[in-house]
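Colleague: This one is new to me, and I would like to go through it slowly with you.

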Amino acid sequence: MVTREVVTPEGRGPGQGPRLLSAEGEYSYRSRLVARDERALAELVDLASPWLLGLVQGMLNDPDESEDVVVETFRVAWDRIQTVDSASRGLLPWLLEIARNRAIDRLRARRRRGRLGERLVALGSAGMATPPHVPDEAGRPGWHVHREVHQALTELPPEQRAAVQLAYFEGRTHSEIAERLEIPLGTVKTRLRLGLGRLRERLAALKDWVT
Amino acid sequence: MKAHDWFIEHRLDFVARALDPGDEDLFRDHMARCEECAAAVASAATDLRWLPMAAAPVTPRPGFSRRVMDEVVGPRKTVWSRWSWPLAAAAGIAAVLLGGLTFRQATQLAALRAERDSIVSVHRTELAAARDTLSLLQNAERVLTASIDMDGRRGGMLIFADETTHRWKVVVHGIPRAKDGMRYTFWFITGDGMVRGAVVECDETRPGVVMLDMPPGATLIRGGALTEEPMDGDPQVPRGKELAHLEL
């Protein structure tokens, strides 16, 4: 496995930055959040905000709205931490999932209102590409994960990567992707399924990295 | 193709949220009933859970963390703001109490000042009277005295006559309080008869002292007398019992 070449049994790749959250860190944060420890929330905000903003801003292309989504994400997390089993996927992936779903909801609401305008036109060509990779922030917590995922995405065939990008990071449905790429619906489904399947294989090993 | 195959085929699409809204709702409803699909979707979501990390991080704008904390858990209260209301309330209460206390003290102070002024006024009057008496006693050219026997007690009447100022100081002492309905009255004995001087109030322990100017229009003052007169009416001539009689 490719991931075995990068990730050591100790959980850190050679020469890589610090891990995002250790299992102990996850447990500690969750326990403190359940206990309504505001300091734990502040620490989590500092840790997770760059990744949440990066994801949401890439989807919405609107800094102000992206901040709103991230604030909303932390509010939902703070309210539901006691009732939701966030441990099953990890705390940060849980936050990312919330943020992504909220961003998709907003994107779809925009489309319904027909207010996409130039913003989404501008996104069109960028949507085909791999999410931008910032030169190097190896000291940033989670950078190693970002590099692994980014690498996995760039290794996909371009047509699969475009389908994943449009679906996963822009919240577009099969039909919308088909219309956008001017290809048959079945082809969209196939490309997306293949792309996600490869990513799943590639990224599954990462789940043992932090939990 | 069975209906369930459609759900199996679209599990990853559901995770990616690529299903059209109607299909997404359909899939969600199905998952609520199908443990197999629910578990498969959960597994796929777990495997892909780090996929959002493909996006490059964005450094939050200054103040963003504070905004999150403020909007999620409410504005953090500083030590001052946390205690500002209790302190303000305490200060308000203290101010009211202090104001009340000050007002009360001011009221008491005003009352005390009034009382002091009254006492000072009385004492000044008494002092002036004492000085006047002393002056009269010092300057009296004549001192007349007469004994009064009443109810087995012996008192008396003294007249200090100041010929310079033409004033008399009359002291009645050692006699009981006048009977009910009666009062002691001092009379000048003049060439034209008895002229009323003043009512004298006294008892065994407290002498009666009056300072008298000469009666206006009197041509010749020959002496004084003390009588016990009924309180009703305002007699111009003595009608009661004479207790003392002094001639110059």
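Colleague: How are H8(A) and H10(A) set to each other?

Modeller: H8(A) and H10(A) are roughly perpendicular to each other, a word that covers angles of 65 to 115 degrees. Their packing angle is about 90°, and their axes are 8 Å apart, where an axis is a line fitted to the C-alpha atoms over the stretch in contact and angles run from 0 to 180 degrees between N-to-C directions. Please keep in mind that this is a predicted model, in which local features need pLDDT of at least 70 and side-chain atom pairs count only at pLDDT 80 or more, while totals for chains, interfaces and linings use all residues. Residues are numbered from 1 along each chain as its sequence is written, and chains are lettered from A and ligands numbered from 1 in the order in which they are written.

Colleague: Which residues of H8(A) and H10(A) meet?

Modeller: From H8(A) they include Arg161(A), Val164(A) and Ala167(A), and from H10(A) they include Leu192(A), Gly195(A) and Leu199(A); contact here asks for C-beta atoms, placed from the backbone, within 7 Å. This contact has 8 nonpolar, 2 polar and 3 charged residues, with Ala, Val, Leu, Ile, Met, Phe, Trp, Tyr, Cys and Pro as nonpolar, Asp, Glu, Lys and Arg as charged, and the others as polar.

Colleague: What span should H10 have, and how far apart are its ends?

Modeller: The 20 residues of H10, 185-204 of chain A, should span 28 Å at 1.5 Å a residue, and the end C-alpha atoms are 28 Å apart, which agrees; the expected span is 1.5 Å times one less than the number of residues. Among the buried residues of H10(A) are Val188(A), Leu192(A), Leu199(A) and Leu203(A), where buried means 20 or more other C-beta atoms within 10 Å, exposed 12 or fewer, and partly exposed in between.

Colleague: Now chain B: how many helices and strands?

Modeller: Chain B has 6 helices and 8 strands, which are DSSP runs of H or I over at least four residues and of E over at least two, numbered from the N terminus. Along the sequence the pattern is α-α-α-α-α-α-β-β-β-β-β-β-β-β, and 22% of the 248 residues of chain B count as buried.

Colleague: And how many residues of each chain are in the contact?

Modeller: Chain A brings 54 residues and chain B brings 32. On the chain A side, H3(A) gives the largest share, 13 residues, and that side divides into 27 nonpolar, 15 polar and 12 charged residues.

Colleague: Which residues have the most contacts inside the largest nonpolar core?

Modeller: That core has 69 residues, and those with the most contacts inside it include Leu52(A), Val149(A) and Leu51(B); a core is a set of buried Ala, Val, Leu, Ile, Met, Phe, Trp, Tyr and Cys residues joined through C-beta atoms within 7 Å. H3(A) gives the most to this core, 11 residues. Leu51(B), for its part, touches Val149(A), Tyr168(A), Leu199(A) and Leu203(A), leaving out residues up to four places away in sequence.

Note on methods:
Contact = placed C-beta atoms within 7 Å. Parallel < 35°, antiparallel > 145°, perpendicular 65-115°, else oblique.
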